[in-house]
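Please view the sequence and the model before reading on.

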Amino acid sequence: MSEAVSHIDQIFVIFLHWLLGGLPAAARPAVSAIISVIAILVVFALLFAITTVLERKGLGRMQNRYGPNRVGPFGFFQPIADGVKSLTKEDIVPHGADQIVHFLAPVLLVIAAFLAYAVLPIGRNMVLVNLNAGVLYFFAVGSLVELAVFMAGWSSRNKYSLLGAMRAIAQMISYEVPLVLASVVILMAAGSLSTVSIVDMQARYSGVWPHWFLFRPWGFAGFILFMIAATAESNRSPFDLPEGESEIIAGYYIEYSGFKFALFFLGEYLGMFATSAMAITLFLGGWAAPFSFLTWIPSYLWFFAKLMVLIAVFIWIRGTLPRLRMDQLMNFAWQFMLPMTLINIFVAGVWHFMPSGLGRWVLCSVLLIAPCILLIGSLKQQKSTEVRKYRFAD
Amino acid sequence: MTVPFLILAVLTVVGTVAAMTLRNLIHCVLALTLSFAGLAALYLQLGAQFVGFVQILVYVGAVAILAVFVIMMTRGAGPGLHPIFSSFWTVGSLVAAGVFAILAWAICASNLSSRILPPQTEAAVRPIGDALMHQYVLPLEIMGLLLTAALIGAVVLAMQEKRRTP
Amino acid sequence: MSSLTSYLLLSALIFSIGLAGALTRRSAILVLIGIELMLNAANLNFLAFWRYGPHPEALTGIMFAIFSISIAAAEAAVGLGIILAVYKHRRTTDVSTMNSMKG
């Protein structure tokens, strides 16, 4: 790559070094950390604002209506209106609610959601902290969200809120296992828990084709399983029973209004972005370009392009699929996702020990597709579709 | 006795004391979660990154949630058991204070303070994995068996009894 | 007071607070929580000695701590299952009422 291209690629790193140049050496790590954290906060909060309006317009078009189109050109200033509304709305806290826990629940949720961005490499040399156990840190922080959900549901002293919180926690715990197991395959292949080294392994090219883990049978299956589990972890449709608007009003955040509700919304979307970004890091090559002749485009642009594609897929799925019932959801997690992730790990081991060539592609694909069909068949058999018997009073 | 250690230690001890003395059980579990998080931060201070993140993942993400679920299921979050301390609480506190006194005396009377402390070593994940697979493979497999047995046992214990209709 | 002694004192303090709670509280769940705190204090002790002791590259302290965490998780699950089973029969989790085998 030529000098100018690599300068554009590293422009934020160069800018940061220039900013730190005027400071004494003792203060540099702290100020660098603070600037990077502020950059992450600003960028992903802005992305959240853009996503809310994109989602509403996208869903609207899928449902054959316009989305918001009053505020600004084609309605794209809607987030500003939403922000003003949520800031100026009255903050009602129920009288019988547990005040401290009620206040801390959205705070903990947003903290947990933002902490996850610390290990995601957004561009070449652009990661906040290159932790040796980066992927483990990501999943550890993700498990804080469940506690925040419980705090929200219980502190409101509301039966529907508690019910929604219990359902949400059961769903999150059930889908956390396939989420972690689906990423174990990548950890086996990469031999490291550090996100930076996982992306560096995928940033190479053999000819034109990249070395993304998506282009292996076990990587492809792992990606699909990871995305399904990520959808369930962020409580997005079709797994949004805990916040089902038509069933239990709003689930665990019924009693929240104004800015705290906006914080819950923010936390949910940030969780979605974080798991999408982790999927990009693990499976889609992080900031690497898809073809070797496209590496002149800066790395952070590739990262955000892939992130927007995954967000568009999330919005598409939300507009298309109906909601899953609670028992269907749990059956899906424990009787399909968990066996598939374990078989995926086995197949990755088979791939590693077979000689390279067409043979291992065929064997691994068969070993993945056959159990998938069998497990889906066993899930379908549980649906009993008999002729309904009517009983009349004698 | 650096400042981060002091802050984390105070946080952990406050969480622990609150966990053992509050009346409402859910508040106890939330204070316990705070002390778990403080302990995880202390593990990170000591350079054991892997153990710190595993502590958050397992304790905060699973054990605390489990305790909370059981409190919900046993109606422990209701009006509360009056009184919260059992009738012979003085003996228990004296025993605990005695244990602390003995441990503190043993720590301060030893020559640990006069040792030269080695420099910080980072424990990377790869040596932990190597050790688990080579030197500690037997405990690892036994742990797998133990966890499976605990899983099955917990499910059987908490299962609804099937009502046999005559 | 060196770093090692301060970590050990903190570990002893957490251990004794957990012990006090396990011995004096009435609710069975809080007894279990006290036991968990004691296990955590022991973990802190292991890691402090790993860090400040000879041969930290042998990773003995870390291994012990990892196994201790998994055993504690398994024990918490089984213990809470037992509490649930007892609650189904006795309708209470008060340990001071569970004295039917006394005397």
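How many salt bridges are there between chain B and chain C? The count between these two chains is zero, a salt bridge being a side-chain nitrogen of Lys or Arg within 4 Å of a carboxyl oxygen of Asp or Glu. The model is predicted, with local features needing pLDDT of at least 70, side-chain atom pairs counting only at pLDDT 80 or more, and totals for chains, interfaces and linings using all residues. Residues are numbered from 1 along each chain as its sequence is written, chains are lettered from A and ligands numbered from 1 in the order in which they are written, and side-chain values use heavy atoms, without hydrogens and water.

Chain B gives 81 residues to the contact and chain C gives 72, where contact means heavy atoms within 4.5 Å. About 6700 Å² is buried between chain B and chain C, and carbon and sulfur atoms give 79% of that area. Buried area is the accessible area (1.4 Å probe) that two parts lose on being put together, summed over both.

Within chain A, helix α5 (residues 99-115) and helix α7 (residues 144-155) cross at roughly 160°, and their axes come within 8 Å. Helices (H or I, at least four residues) are DSSP runs, numbered from the N terminus, and axes are lines fitted to C-alpha atoms over the stretch in contact, with angles from 0 to 180 degrees between N-to-C directions. α5(A) is therefore roughly antiparallel to α7(A), a term for angles over 145 degrees. Among the residues of α5(A) that meet α7(A) are A:L104 and A:L108, while those of α7(A) include A:L147 and A:M151.

Terms used. Helices (H or I, at least four residues) and strands (E, at least two) are DSSP runs, numbered from the N terminus. Angles under 35 degrees count as roughly parallel, over 145 as roughly antiparallel, 65 to 115 as roughly perpendicular and the rest as oblique.
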